Structures are given as structure tokens and as C-alpha cells.
Amino acid sequence: MGSFFTLSKLFWFAIAPSNALVLLGGLGLVLALAWTRRAGMGLLAVSVIGWAVLGFSPIANYLLNPLEERFPIYRGDAAVTGVIILGGAEVPEVGLARGVPAFANAGERAIAFGALARKHPEARLAFIGGSGQLFSDGVASEARMMQMTLPDLGIAPDRVEYEVKSRNTAENAEFAKEMLKPSPGERWLLVTSAFHMPRAVGCFRKAGFDVVPYPVDFRTIGPSQLNDTFSRTAVGLDMADVSIKEWVGLVAYYLSGKTSALFPAP
């Protein structure tokens, strides 16, 4: 698992669209200045055009929306055994330094977790996630960030169980089962970003942990409005990075036996 984690981080650094286009442009500049101007300028042109197309066009919407639509928004009211929230939304280096909760785009995970905790006062609550950083200091900073946030969510800190060793989605599922020891017939809600839900559900199924998807943090409006363009390339490129990472992750996890299906479905 360790080598898979390291290789996946290095591989993703190189192929993330925003990184790959910059690296391609840098290579083109070096070639243009030091070796062959024609080839170098060609790579620079590809870099700039690719940046503009992915950044401004609706391509990212079309890549991300199928992931978000895979599992429907949860509308149930049945009693649940427990609620699981996956880490990754926190910005612990900011929050812990300033002493206030800090979350990235996926802050809806924490909001939903708090709402579900109040709706199901008898349910077990679990935070699953260590550090996804390649070079981690070993401190369970994501969990500490969540502990700091719990009072604002109306949750007693001692009500939540923490798993702080997992570094990726496959380990999330494996270690969550080990800690929570679910029994057949129990009903566990899994809270994570909608685009991440297919891979997460696939990993939990592979681990033998049956969960009910509770997708949040939607980035697209819906299938009927995928042609909207972006006013800033940073937004379009970020969504392209997120979506391509998930598609690549689904393939890599399936081929390495870490998920139950290539594209898990309800």
C-alpha cells in the first residue's frame, strides 16, 4: 500500500492538467532557447491553447457531472447506525495556525455531518482520515481540525470516533471497517464529495463495509446546464484537475483491486 500511495502522488503531480500544461510550456521554452526553436514554440503553443481550452470552456463540466450524478442526493429519514465523514475538506495548516476552523471547497462535508448528527442523536459518529500529504509530519492534523470545528457544529467532541492513519480512499475504507466493526443489517451513512462518491463507495464495498451514500459538495449545476463557460481559467482548470483525478483514480483503483467495480453504481 505504501508504494502505491507514493507512486500515485508522484504520478498525479505530473499528469494533473494544470501542472502538465505548465511543465509542457516550460519544456517548450527550454527547447526554444537552447535547442530547436520550432519544436519549442510548438510545445509552448500547445501549453497556452490547452490552458485556455480547459480553463474557459465547459469541458470540465462534462467531465465532472457524470461523477456527481452517479449516486442520488440522499432523501431518507430512516434511523441510522452511524455517520461517517471522510477527511480532506480541512485546511489544517491554516486553521491550526490561526486557531479557527478552516475548510476548502468541500466544507459542505462538515455542514452535512453536523446536520446528520443533530438529526440522529443516537447514531455513532466517525471521522475517517489521516493525512493525504506525500511528506506528512505524522500529526493527525485533519482530525485536530475537525475536533476544533465540532463545537460550532453542535457536536460534543467525545461523541466522535477518529481514524487517523489512512492516507487515501482505499485506506479510509479498510481502517474504517477495522475501527467501527459494522455488523450485517446496520445502516451507515457515508458523507463525502459527490464527485468522490463512486470511488469511495467502491472502496467500502471492496472492504466489505456496506454504506449508504450521502453525497455533498456538488460543483456542477446539473446535466441541463453543462455548457456554461468559466470566467477565470483557474476555476475551469481546478474542476478539470478534480474530475480527471477521479477518473484516473477509478481506473487505477480498479486495476489494482482496491475497488469493487470500474465505475461503482447504486
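Me: Is D217 buried or exposed?
Reply: D217 is buried, at 4% relative accessibility. Buried means under 20% relative accessible area, exposed over 50%, and partly exposed in between, with a 1.4 Å probe and protein chains only.

Me: What am I looking at, and how is it numbered?
Reply: This is a predicted model: local features need pLDDT of at least 70, side-chain atom pairs count only at pLDDT 80 or more, and totals for chains, interfaces and linings use all residues. Residues are numbered from 1 along each chain as its sequence is written, and side-chain values use heavy atoms, with hydrogens and water left out.

Me: Back to D217. Where does it sit, and what is its phi?
Reply: D217 is in the loop between β5 and α10. Its phi is positive, about 60 degrees, although D217 is not a glycine. Helices (H or I, at least four residues) and strands (E, at least two) are DSSP runs, numbered from the N terminus.

Me: What about K181?
Reply: K181 also is not a glycine and has a positive phi, of about 50 degrees. It is found in the loop between α8 and β4. K181 is exposed, with a relative accessible area of 60%.

Me: Now α9. How many of its residues are buried?
Reply: Eight of the ten residues of α9 (residues 197-206) are buried, so the helix is largely enclosed by the rest of the structure. Among them are R199, C203 and F204.

Me: What do they pack against?
Reply: The buried residues of α9 pack against α4, β1 (82-86), α8 (169-180), β4 (188-193), β5 (212-216) and α10. Contact here means heavy atoms within 4.5 Å.

Me: And what follows α9?
Reply: G208 follows α9, with a positive phi near 80 degrees.

Me: You listed α4. Which of its residues are buried?
Reply: In α4, they are A60, N61, L64, N65, L67 and E68. Seen down the axis, they fall within an arc of 165 degrees, so they line one face of α4. The arc is that of the directions from the helix axis to the C-beta atoms. These buried residues pack against α9 and α10.

Me: α3 next. Which of its residues are buried, and which sit on the other face?
Reply: G40, S47, G50, L54 and G55 are the buried ones in α3. They cover an arc of only 115 degrees around the axis, which puts them on the same side of α3. The face turned away from them carries the exposed residues R37, R38, V48 and I49. The buried residues of α3 pack against α2, α4 (59-69) and α10.

Me: How do α2 and α10 cross?
Reply: The axes of α2 (residues 17-34) and α10 (residues 233-255) come within 8 Å and cross at roughly 110 degrees. They are therefore roughly perpendicular to each other. P17, S18 and L21 of α2 make the contact with L237, A240, D241 and I244 of α10.

Me: Last one: where is G130, and what does it touch?
Reply: G130 lies in the loop between β2 (124-128) and α7 (141-153). It is buried, with a relative accessible area of 2%. G130 touches E142, E163, V164, K165 and S166, not counting residues up to four places away in sequence.

Note on methods:
Axes are lines fitted to C-alpha atoms, for helices over the stretch in contact, and angles run from 0 to 180 degrees between N-to-C directions. Angles under 35 degrees count as roughly parallel, over 145 as roughly antiparallel, 65 to 115 as roughly perpendicular and the rest as oblique.
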